Amino acid sequence: MARYSGLRVLTEGLRGNSGWKPAWRKAAPRPSYDVIVVGGGGHGLATAFYLASVHGITNVAVVERGLVGQGNTGRNTTIVRSNYLFPENNHFYEHALKLWEGLEQSLNYNVMMSQRGVINLFHNDAQRNAALRRGNSMRLNGIDAELLDRDGVKAMCPIVDLDNGRYPVMGGLLQRRGGTARHDAVAWGFAHAADARGVDIIEHCEVTGMIVEGGAIQGLRTTRGEIRAPKVGLAVAGSTSTLTAMAGFDVPIETHLLQAFVSEGLKPLIDCVVTFGAGHFYVSQSDKGGLVFGGGLDGYPSYGQRGTLPTAEHVYAAGVSMIPALGRLRGLRSWAGVMDMTPDGSPYICKTPVRGLYMTAGWCYGGFKATPGSGWCHAWTIAKDAPHRLNAAHTLDRFREGRMLDERGNGPFFWAQ
Amino acid sequence: MLRIPCPHCGARDEVEFTYRGDATVARPAPDAGTDAFHDYLYLRRNPRGWQVEWWQHHGGCRAFLKVLRHTVTHEVRGVVTATGALEAPQA
């Protein structure tokens, strides 16, 4: 398949754009593969891409219930960052961020990665101390972090109301290498690059059962027939419990709703990602000009992929508190994704009680930024039948062993993470 | 948008209530062992369908209630007090 390049855009333009081909094949399922990945979102396609490109395993199928990239990959606020407190998490997310930095070259696909900086605002002494602690933890692990004072925030994001009557802004923790990427292009890019290496991407193929014999996975029953494989990886945010139930075990996950919103298009207004410290609100501006923003969970389990109005109202209110000018804007669209919420807010990239069955799951509402890292570690775990050191802590057994990765210290409440 | 018929206060808007988890999870006996307590604290059925759940009516009578709710359609089909019996329909 011909590579994408600036020169090719030019020459295709001169030839009436008649030479473009679909970015990936519409594959039909074969009877067996070496590895099947369930879920054609960013994480599943990234798993297939790294299986092929890093481990040389190309006899791989990705099965997807609907269309590529129309689950949570297409339903997030596109933020990429690695500003985590605990070493187990910040090493993992930093690895993901480094993959993001070279992603367009390794995929030969423009994912519009924009390292425009992520600022987390703080509003009181305790929040400042927590931000300092997190920033120091990041810097000790070789990750960039800067503490901004009030003037620093004002210089970088002047639209924020620093003198909010109830929650005046004291400063912010900045990660300059954080930013945004074009979420759909991430799915398309991984699909394109995985397909080019021989991976079959099979859309409209829903898993209806798992074939488990003697405690080991043998394959899947799907709406397009039975497909056999000695190894199966799950990357099915929101539906992980449904699939593990087919394999005969429960996981520490509850499925919750998270909404995201886009305003009408504007001229450039916010050129970084900024999050409110006094409420759950984060915002950036897309290349089309719409403000992309979100908040917290709707608060109760749902597979419905549609949000409710009280949460929408709460998110808008938090936004207007942080940036009063938003009050003049109209919301254009809103949507909801279904999140695998875990008891400690951290994910699972691990083996499971069924031999040959692996998962990348439990991404709560931080899965997008992890996409390449999740796929990379999941592929390693599948290929070697053992975790890489970057995901060795992200197991299903960590609660049994007293190793929770609870960044927020909220305790084992799925809906509070 | 949910409307939950509280047995004490009548039908009220969801903003008066707080979800407090799966109500079918029962605390094991004190000597049941660490595996039983692990499962109690962390493992969930997480059904795609009917679920019996705890909700607290914080904006009303403040009581904990059991609510039968569908996790795809959000339909609320039954509400009883904390000691009442409420079971999810099969499949």
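This is a predicted model: local features need pLDDT of at least 70, side-chain atom pairs count only at pLDDT 80 or more; totals for chains, interfaces and linings use all residues.

1. For the complex the predictor gives an ipTM of 0.95 and a pTM of 0.96. Chain B has a mean pLDDT of 95, with 99% of its residues at 70 or more.

2. Chain B on its own. One helix and six strands make up the secondary structure of chain B. The C-alpha trace of chain B spans about 40 × 30 × 20 Å along its principal axes.

3. Contact between the chains. Chain A contributes 21 residues to the contact and chain B contributes 16. On the side of chain B that touches chain A, the largest share comes from helix H1 (residues 34-42) of chain B, with three residues. By class, that side of chain B has seven nonpolar, five polar and four charged residues.

4. The six-stranded sheet of chain A. This is an open sheet with mixed pairing, and its strand order is S8-S2-S1-S12-S19-S18 (chain A). Its edges are strand S8 (200-202) and strand S18 (348-351) of chain A, each of which pairs on one side only. From one strand to the next the twist averages 15 degrees.

5. The three-stranded sheet of chain A. A second open sheet has the order S9-S10-S11 (chain A), and its pairing is antiparallel. Strand S9 (207-213) and strand S11 (225-228) of chain A are its edge strands, each pairing on one side only. Neighbouring strands here are turned against each other by 25 degrees on average, direction ignored. S9(A) is joined by six bridges to strand S10 (residues 216-222) of chain A, and these two strands run antiparallel. One of the positions to look at is A:Gly209, whose bridge partner in S10(A) is A:Arg221.

6. H2 against H7 in chain A. At what angle do H2(A) and helix H7 (residues 183-196) of chain A pack? The angle is about 30 degrees, and the axes lie 9 Å apart. H2(A) and H7(A) are therefore roughly parallel to each other, and their crossing is left-handed. From H2(A), A:Gly42, A:Leu45, A:Ala46, A:Ala48, A:Phe49 and A:Ala52 take part, and they meet A:Val186, A:Ala187, A:Phe190, A:Ala191, A:Ala193 and A:Ala194 in H7(A). This contact has eleven nonpolar residues, one polar residue and no charged ones.

7. H2 against H10 in chain A. Helix H2 (residues 42-53) of chain A also packs on helix H10 (residues 367-384) of chain A, at an angle of about 45 degrees and with the axes 7 Å apart. The two helices, H2(A) and H10(A), are therefore oblique to each other. H2(A) passes H10(A) in a right-handed crossing. The residues of H2(A) in this contact include A:His43, A:Thr47 and A:Tyr50, while those of H10(A) include A:Phe368, A:Trp376 and A:Ile382. By class the contact has ten nonpolar, eight polar and no charged residues.

8. H3 against H10 in chain A. H10(A) has a further partner in helix H3 (residues 87-101) of chain A: the two axes come within 7 Å and cross at roughly 100 degrees. H3(A) and H10(A) are therefore roughly perpendicular to each other. H3(A) contributes A:Phe92, A:Tyr93, A:His95, A:Ala96, A:Leu99 and A:Trp100, and H10(A) contributes A:Lys369, A:Ala370, A:Pro372, A:Gly373 and A:Trp376. Eight of these residues are nonpolar, two are polar and one is charged.

Key:
Residues are numbered from 1 along each chain as its sequence is written. Chains are lettered from A and ligands numbered from 1 in the order in which they are written. Axes are lines fitted to C-alpha atoms, for helices over the stretch in contact, and angles run from 0 to 180 degrees between N-to-C directions. Helices (H or I, at least four residues) and strands (E, at least two) are DSSP runs, numbered from the N terminus. Angles under 35 degrees count as roughly parallel, over 145 as roughly antiparallel, 65 to 115 as roughly perpendicular and the rest as oblique. A crossing is left-handed if the near helix is turned anticlockwise from the far one by less than a right angle, and right-handed if clockwise. Two residues are in contact if their C-beta atoms, placed from the backbone, lie within 7 Å. Ala, Val, Leu, Ile, Met, Phe, Trp, Tyr, Cys and Pro count as nonpolar, Asp, Glu, Lys and Arg as charged, and the others, Gly among them, as polar. Two strands pair if DSSP finds at least two bridges between them. pLDDT is the predictor's confidence in each residue, from 0 to 100.
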